[in-house]
Structure formats: structure tokens, C-alpha cells
Amino acid sequence: MTESREKTAVPDTIPAGPKWTGPDDPAPGSEYFAQPSYSRREIATHVAGAVLNAGACVAVAVELVRAGGTPSSRIPSAVAGLLAGGYAADLASGVLHWAFDTWFDENTPGVRRVVLIVREHHIYPQRIFNHGLAQDVGIMSWFGLAGVAPSLLTARSRGMVADLTRVAGLSFSVLLTLSLEFHKIGHRTESPRAIAALQHAGILLSVKHHMKHHAREHDSHYCLVNGVGDRTLGRLGLFRLLERAVRASSGIDPRTDDRLWRRRFGRWVSGS
Ligand SMILES: [Zn+2]
Ligand SMILES: [Zn+2]
């Protein structure tokens with residue numbers, strides 16, 4: 001079936017169910033978010049991204065082990081690399097989330113599936129649990145690969161800078177590739193003790209932090225690993241700055257399509 005044949009005309013008004021309905025509960029209007037079935041090409045693209053990303057991560061990890069050195073000389077660069085990679089992954093997850101929340105619509109070529117997922121997520125947030133690990137990793141692997149690939153250039157290098165670069169690239173890739181799983185943690189009312197402890201410590205995304213994104217206009221708290229990016233560059237106005245830049249070059253208002261979907265379902269829209 002072609003993508004165009006799968007599109008369904010969307011009415012101006014859709015009777016909605018409760019916003020926080022469970023993933024398996026009735027969700028009136030959810031049929032309008034039905035996604036096209038995966039094509040062979042999409043599956044091949046996802047598998048290729050996952051294999052290349054995993055291969056690059058393993059190669060960088062092997063090089064880290066082979067680099068040798070004493071713990072006292074390597075721990076500082078490992079800690080710095082983890083912090084830098086973790087921060088960059090959190091921020092990248094936020095920028096990607098912001099981009100798909102703010103721009104595009106379901107008819108934009110190449111992004112229909114992701115747009116439908118993020119629009120539905122603002123109408124019925126808990127239906128995010130209907131998307132599995134393989135799908136999430138398939139979507140995110142190429143972005144993770146973009147972060148770890150430069151670390152391969154340090155293959156023959158030794159020393160603190162090479163160590164730091166490898167740990168940063170590796171942690172960036174792993175955390176960004178799994179960021180949609182961390183997002184789900186931010187939606188769980190109950191988590192295992194170890195996960196809850198990491199959330200409490202601010203290492204993983206807390207429910208309290210992420211629920212601020214799901215309030216009213218959905219225009220803040222975009223970051224999905226732990227939210228440190230929201231508390232720093234986000235708070236300093238990064239996302240509004242990016243919106244002004246895109247609006248100035250495209251003439252399109254931010255969140256036009258997301259507001260349209262929320263209005264159809266009778267959800268809160270600013271200025272209405
Ligand atoms: Zn969102
Ligand atoms: Zn969410």
C-alpha cells in the first residue's frame with residue numbers, strides 16, 4: 001500500500017477521550033494517527049543504522065581498552081567524557097524533540113511516521129508505550145552514529161584528549177540511541193528502585209520534569225535523557241532562539257501543525 005493511499009481525511013473536530021488514557025484503552029480518534037506499515041527500505045535503513053552504530057561503538061570501546069594507562073591518569077578524562085557526552089546527548093534529544101514538535105506536518109515527505117507519533121503523543125501521551133524498543137532504536141541509531149563516528153578518527157591516538165573524545169562519543173551514542181526509552185521512564189508512574197534512584201539523582205529523566213512538557217503549550221522541557229539541557233541552555237532561551245531563526249527564514253509560525261491537532265481534539269491551545 002502506498003503512503004498516499006493510507007492517508008485519512010481528518011475532520012476539524014474529533015471527540016476525544018481522556019488525555020491520560022492507558023496505552024491499551026480506547027482512544028477515540030487515534031485512528032487518525034495510524035502510521036503507514038514499514039516498507040522494506042525503511043526496515044533496511046533502520047537495520048543498517050543500528051548495525052553501523054553498534055559497530056562504531058564496539059570499535060571505540062575496544063580502542064579505549066587497548067589504550068592502556070593507569071587508572072589515575074584515565075579516570076579524570078573518562079569522567080569528563082561521560083559528562084560531556086551525556087550533556088550533548090540530552091541536548092540533542094531535546095533539539096530533535098523540539099524540531100518534530102514545532103515544525104513539519106504529516107504530509108511532509110520522509111517524516112510522516114515521526115510526525116504522527118509526536119502529534120499523537122501530545123493528545124494521548126501514554127500511547128507512547130505502544131512503540132517498542134526496536135522501533136525506537138531504529139529511529140535513533142543514525143543520530144547516535146553521527147555522534148560516535150568522529151571518535152573513530154582518534155584510532156591511533158593516545159592520551160587524555162583521545163580518551164575523553166572516545167568516552168564522550170560512546171556515551172553520546174548510547175544515551176541518544178536509548179533516549180526514547182528514557183522518555184518512557186519519564187511517563188511511568190512506577191519504576192524499579194534502581195531506576196527511581198537514578199531519576200531522583202537527576203541522572204535519568206524524572207516524571208516530574210517531563211510532565212512539565214506535557215502541560216498546556218508543550219513548548220518547554222524537551223530533553224529526554226535527564227533534562228539537564230532544559231535547565232541550562234533551554235532555560236537560557238535556546239529553543240525560542242531556534243524558533244526565531246527558523247521563522248525568519250521560512251515564514252512559518254512554530255507549532256502550527258501541533259496546535260491544529262490539539263484544537264481538533266479539543267485540547268488546550270494558547271490564545272484560543
Ligand atoms: Zn513533545
Ligand atoms: Zn512525553
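Helix H5 (residues 133–148) packs against helix H6 at an angle of about 165°, and their axes lie 8 Å apart. Because of that angle, H5 is roughly antiparallel to H6. Angles over 145 degrees count as roughly antiparallel, those under 35 as roughly parallel, 65 to 115 as roughly perpendicular, and the rest as oblique. Axes are lines fitted to C-alpha atoms, for helices over the stretch in contact, with angles running from 0 to 180 degrees between N-to-C directions. Helices are DSSP runs (H or I, at least four residues), numbered from the N terminus.

This is a predicted model: local features need pLDDT of at least 70, side-chain atom pairs count only at pLDDT 80 or more, and totals for chains, interfaces and linings use all residues. Residues are numbered from 1 along each chain as its sequence is written, while chains are lettered from A and ligands numbered from 1 in the order in which they are written.

H5 and H6 cross in a right-handed sense; that is, the near helix is turned clockwise from the far one by less than a right angle. Val-137, Met-140 and Phe-143 are among the H5 residues in the contact, and Leu-170, Phe-172 and Leu-176 are among those of H6. Contact here requires C-beta atoms, placed from the backbone, within 7 Å. The residues of this contact divide into eight nonpolar, six polar and no charged. Ala, Val, Leu, Ile, Met, Phe, Trp, Tyr, Cys and Pro count as nonpolar, Asp, Glu, Lys and Arg as charged, and the others, Gly among them, as polar.

H6 (residues 160–177) also packs against H3, at about 35° with axes 7 Å apart. H3 passes H6 in a right-handed crossing. Their contact holds 15 nonpolar, seven polar and three charged residues.

H3 itself spans residues 71–102, 32 residues in total. From first C-alpha to last it reaches 45 Å, close to the 46 Å expected at 1.5 Å a residue. Just after H3, Phe-104 takes a positive phi of about 70°.

Now turn to H4 (residues 112–123) and H12 (residues 256–264). They pack at about 45°, with axes 10 Å apart. That angle makes H4 oblique to H12. The crossing is right-handed. Arg-119, His-122 and Ile-123 in H4 meet Asp-258, Trp-261 and Arg-262 in H12. These residues divide into two nonpolar, one polar and three charged.

How values were computed:
Helix = DSSP H or I, 4+ residues; strand = E, 2+ residues; numbered from the N terminus. Contact = placed C-beta atoms within 7 Å. Expected span 1.5 Å × (residues − 1).
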